Amino acid sequence: MNENIFSSKETNLCKNIPFRVFVRIRPLLEKEKVLISEKFKENSNNAELSDYLNTDESKIRLSHISSSESYLKKEKIFSFDYVFKSNIDNETIFSNVIRQQVDNILQGINATAMMYGITGTGKTHTMFGDIYEEINFEKGVCMYAIDYLFDKIVQARESVEFKVKISYLEIYNEQVKDLLSNKEENDHLMVVEEPNRGVFVPNLSEYEVLDSESVLKFIMRGNQRRTMAATGSNVFSSRSHAILQIALNQKNIANKIKDESVTSKFLLVDLAGSERGGLEKGIRAQEGSNINKSLLALGTCINLLSDKSKKGSFIPYRDSKLTRILKDSLGGNISTIMISCISPSPLLYDETVNTLSYASRARNIEKKVFKLI
Ligand code: ADP
Ligand code: MG
C-alpha cells in the first residue's frame, strides 16, 4: 500500500502534472495486409512501405510514400510522452501508464484515462481486451487496473476502510444513457454541475463492488447495452463514447482523530471513432453529426486549453455532453492521460496524421492537481 495514504503531512498537495499523451500502434491486421498489397501491387516498393512509419520512444515519423500517386504525402514528425510499438501488450501499457493513475486515486488524486483514435485502431481492445473472445484472451488495461486496485485495498484494510462503487454510461447522439440500468428513463440522463459537487449525472446507477470479478460482470453487462451499429453487427458501436467511473471512498480507521472519508474518482473513457465523415457513409447521418459534435467540442476545448496565448479564455465545455462530463479531466483537478491509437497502415495516412496532430496538441495542456486528502 502506498504509505502516503493519510500519513502525508502535506494536505492538498498541489502538483503541476501535464496532460500526458501516449500513442499505441496496433499490429497490422490481415485484412489491411490484403488491402495494402492490392493498392501497391503494380509498383510496390517494399522497402518504402516498411519505412512508412518509424518510431523511437517518444517520436513518430510518417514517411513519404511515392509508390502510388494518391499516397504522395509529406513526411511528418510528432512527439509524445511515449510511443508503444505494435508488439507491446495491454499488461505493459497498464504497468507503464495506467497503474500510476490507480496509485493517484489511492492517494486522493482524481484520474482519467481516455482512448482516442479512429474506429478499428484498438481503443476498445486497449480498454477491455478481447472480452468476448474465448481464445487468445487478453485482458484490457481496465481489468488490470481493477485487479491492482483490489490488491492494494486488501493490503491496506487493517488501517483504511475502502468502498468501491462503479457506474458506467454511454454518450450516444448527445444522449447520456446508463449502461448499468434497464430502466427506460435512464436512457436519457441529465448532466448537472453544482459548485461544491462539480459535474455529475443525477440518477445514474452506482453499484458497490467487493471484488474484481463483480466489476467484470458489470462491465460485460454494460458493454452489451452499448448501442449497436445499425447493421446489427455484434460489435460495440464505433459511434458512442463510453465512460466507466470507479469511485474510491477511503476512511482511515487507524487514525481515530481524523475521521473524515474521502472519495476520489477514476474515469476510463473509450471515445467514439474520430474518423471524419464516418466509415459507414450514409448510415445514420444524424448520428454521425452528433458524435462529431462531442468530438468537435473536445477538439475545441483541447485547442483552447493547449494554446498558451489563449490562457484564461472562455472554454466552451457546455457545447457537448462529452466535454461537460470531461470538464475537470480537461481543465480541472484531475490527472489525465490520453492513449491515441493508430494503425500502421499507410492507407490510413490522412486519418493517422489527424489523430497524431490532435493528440500532440493535447500535450500542451498544463494542469494543476491537488490531493483531496
Ligand atoms: P476500436 O475500438 O478503436 O474501434 P478495436 O479495439 O475494436 O478498435 O480493434 C479493432 C480490431 O483490431 C479488433 O479486431 C482487435 O482485436 C484488433 N486489435 C486492436 N488492437 C490490437 C492489438 N494491440 N493487438 C492485436 N489486435 C488488436
Ligand atoms: Mg471500439
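# Strand pairs, burial and a pocket

Mentor: β8 and strand β12 (residues 207-209) pair in the antiparallel sense, over three bridges. Keep in mind that this is a predicted model.

Trainee: What makes β8 and β12 count as a pair?

Mentor: The cut-off is at least two bridges between two strands. β8 and β12 have three bridges, so they count as a pair. Tyr207 in β12 is the bridge partner of Ile166.

Trainee: Which strand does β8 join over 12 bridges?

Mentor: That strand is β13, and the two run antiparallel. With 12 bridges against a requirement of at least two, β8 and β13 are therefore a pair. Within β13, Leu248 is the bridge partner of Val164.

Trainee: How do you know that β8 and β9 form a hairpin?

Mentor: β8 pairs with strand β9 (residues 175-178) in the antiparallel sense over four bridges, and two residues lie between the two strands of this hairpin. Ile171 stands opposite Val176 in β9. In the turn, Asn173 has a positive phi of about 60°.

Trainee: Why is β8 called mostly covered?

Mentor: A residue is buried when its relative accessible area is under 20%. Of the 13 residues in β8, 10 are buried, so the strand is called mostly covered. For the chain, buried residues make up 52% of 373 residues.

Trainee: Is Thr336 buried or exposed?

Mentor: Its relative accessible area is 1%, and the limit for buried is under 20%, so Thr336 is buried. Thr336 is found in strand β15 (residues 335-342). Leaving out residues up to four places away in sequence, Thr336 touches Pro18, Phe19, Arg20, Gln101, Thr112, Met114, Ser329 and Lys367.

Trainee: What share of the contacts in the chain between residues at least 6 apart in sequence join residues at least 24 apart?

Mentor: The share is 73%. The chain has 10 helices and 16 strands.

Trainee: Why are β3 and β5 called edge strands?

Mentor: Three strands form an open sheet in the order β3-β4-β5, with antiparallel pairing. β3 (53-55) and β5 (76-79) each have a single partner strand, so one side of each is left without a neighbour in the sheet, and both stand at the edges. From one strand to the next, the twist averages 15°.

Trainee: How do you know that β3 pairs with β4?

Mentor: β3 and strand β4 (residues 59-62) share three bridges in the antiparallel sense, and at least two are needed, so they pair. Leu62 in β4 is the bridge partner of Leu53. Helix α10 (residues 349-362) packs on this sheet, where it touches β4 and β5. The direction of α10 makes about 35° with that of β5.

Trainee: How much space lies in the second largest pocket, and which residues are closest to its centre?

Mentor: The space is about 830 Å³. The lining has 28 residues, and the closest to the centre are Arg197, Val199, Phe200, Gln245 and Lys265.

Trainee: Which strands each supply at least two residues of that lining?

Mentor: They are β8 (160-172), β11 (198-200), β13 (241-252) and β14 (261-270). β13 gives the most, with five residues.

Trainee: How do the residues of the lining divide into nonpolar, polar and charged?

Mentor: The lining of the second largest pocket has 14 nonpolar, eight polar and six charged residues. Lys265 and Arg197 belong to the lining, and Lys and Arg count as charged, so these two are among the charged residues.

Technical notes:
Residues are numbered from 1 along each chain as its sequence is written. Chains are lettered from A and ligands numbered from 1 in the order in which they are written. This is a predicted model: local features need pLDDT of at least 70, side-chain atom pairs count only at pLDDT 80 or more; totals for chains, interfaces and linings use all residues. Side-chain values use heavy atoms; hydrogens and water are left out. Axes are lines fitted to C-alpha atoms, for helices over the stretch in contact, and angles run from 0 to 180 degrees between N-to-C directions. Contact means heavy atoms within 4.5 Å. On a 1 Å grid over the protein atoms alone, a cavity is a set of points where a 1.4 Å probe fits but cannot get out, and a pocket is an open set with protein on both sides within 12 Å along at least five of seven lines; lining residues have an atom within 4 Å of a point. Grid points are joined across faces, edges and corners, and a volume is the space filled by probe spheres set on the points. Buried means under 20% relative accessible area, exposed over 50%, partly exposed in between (1.4 Å probe, protein chains only).
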